[in-house]
Amino acid sequence: MIRHYLILFTLFLFLAGCAHQIDTKTMLYDDWKPHLAAQKTWQAQGKLAFISPDERQSANLNWQQDEKQNNLVLTTFIGTRILSLKQTRTGAVLDYDDKTYTDTNAALLLKRLTGFDLPVDNADNWLKGTLMSQTLKVDELGRAQQLIWYDNSNKKWQITYSNYKQQGGFWVPGNVTLKHQQIKIKIQLYNWQFN
């Protein structure tokens, strides 16, 4: 009988420990927005769809950033690598079609070789939803919902955010849609990691 109580007591302690761990992981910073903007080391995984009048393409997305570089890898749904773009302060390297290309501007390199128009230079801010703009519309929790933004090439983008979730103490978008003229890029983000 004492043995059963001991087993139950141990089980309750284990469950209480698990519940405590879950609470700490999902706890939101009081000032989460400036903390999120300051996060320079992160990884986001999901899917990306590129839609234009001429074509429609989709891929799995793995985007990583740290203090020194930004890495974007797109793969097919069976895991075959489509491209790998590495960007540093001094330039960009694109592995595409079994060849390696370099340039000082990552977005222009990507556009020139793939036709894919994506403002990769500013991904740290627009992907996380921390861009500042006079056109910014936020919800009741201060999360970005929509804004008009101009990238480094002065292209006008309309960005819409939705499906927020709490991860790493922050509100992060689950869906980001970018529109520029007749181009639409839809990004669905399943997982965010912060260091």
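**Close-up views of cavities, sheet and pockets**

**View 1. The lining of the largest cavity.** Ala107, Leu108, Lys111, Asp117, Asp151, Ser153 and Lys155 line the largest cavity. The model shown here and in the other views is predicted. The space in this largest cavity amounts to about 40 Å³. Its lining comprises 4 charged, 2 nonpolar and 1 polar residues. Over the whole structure, 2 cavities of 30 Å³ or more are found.

**View 2. The second largest cavity.** The volume of the second largest cavity is about 40 Å³. Its lining is formed by Ala107, Pro119, Asp121, Asn122, Asp151, Asn152 and Ser153. By class, 3 of these lining residues are polar, 2 are nonpolar and 2 are charged.

View 3. An open sheet is built from 11 strands with antiparallel pairing, in the order S6-S5-S4-S3-S2-S1-S13-S12-S9-S8-S7. Strand S6 (99-103) and strand S7 (137-138) are the edge strands, each of them pairing on one side only. Within the sheet, strand S9 (residues 156-162) and strand S12 (residues 175-180) run antiparallel and are joined by 5 bridges. Isoleucine 159 is placed opposite leucine 178 of S12.

**View 4. Helix H3 against the strands.** Helix H3 (residues 106-114) lies across strand S4 (81-88), strand S5 (92-96) and S6. The helix runs at about 25 degrees to S5.

**View 5. A salt bridge between lysine 40 and aspartate 124.** The side chains of these two residues meet in a salt bridge, with an N to O distance of 2.8 Å. Lysine 40 belongs to the loop between helix H2 (32-38) and strand S1 (42-51), and aspartate 124 to helix H4 (residues 123-126), so the pair ties together parts that are 84 residues apart in sequence. The count of salt bridges comes to 5.

**View 6. The largest pocket.** The largest pocket holds about 270 Å³ of space. It is lined by 15 residues, of which Gln65, Glu67, Lys68, Asn70 and Arg89 are the closest to its centre. Strand S3 (69-75), S4 and H4 are the elements that each give two or more residues to this lining. By class, the lining has 7 charged, 6 polar and 2 nonpolar residues.

**View 7. The second largest pocket.** This pocket has a volume of about 220 Å³. Of its 13 lining residues, Gln57, Leu74, Ile82, Leu83 and Phe116 are the closest to the centre. Two or more residues come from each of S1, strand S2 (56-65) and S4, and S2 gives the most, with 3 residues. The lining divides into 8 nonpolar, 4 polar and 1 charged residues.

Methods:
Residues numbered from 1 in each chain as written. Predicted model: local features only at pLDDT ≥ 70, side-chain atom pairs only at ≥ 80, totals over all residues. Heavy atoms only, no water. 1 Å grid on protein atoms, 1.4 Å probe; cavity = no way out; pocket = protein on both sides within 12 Å on 5 of 7 lines; lining within 4 Å. Points joined across faces, edges and corners; volume = space filled by probe spheres on them. Nonpolar A, V, L, I, M, F, W, Y, C, P; charged D, E, K, R; others polar. Pairing = 2+ DSSP bridges. Helix = DSSP H or I, 4+ residues; strand = E, 2+ residues; numbered from the N terminus. Contact = heavy atoms within 4.5 Å. Axes fitted to C-alpha atoms, helices over the stretch in contact; angles between N-to-C directions. Salt bridge = Lys/Arg side-chain N within 4 Å of Asp/Glu carboxyl O.
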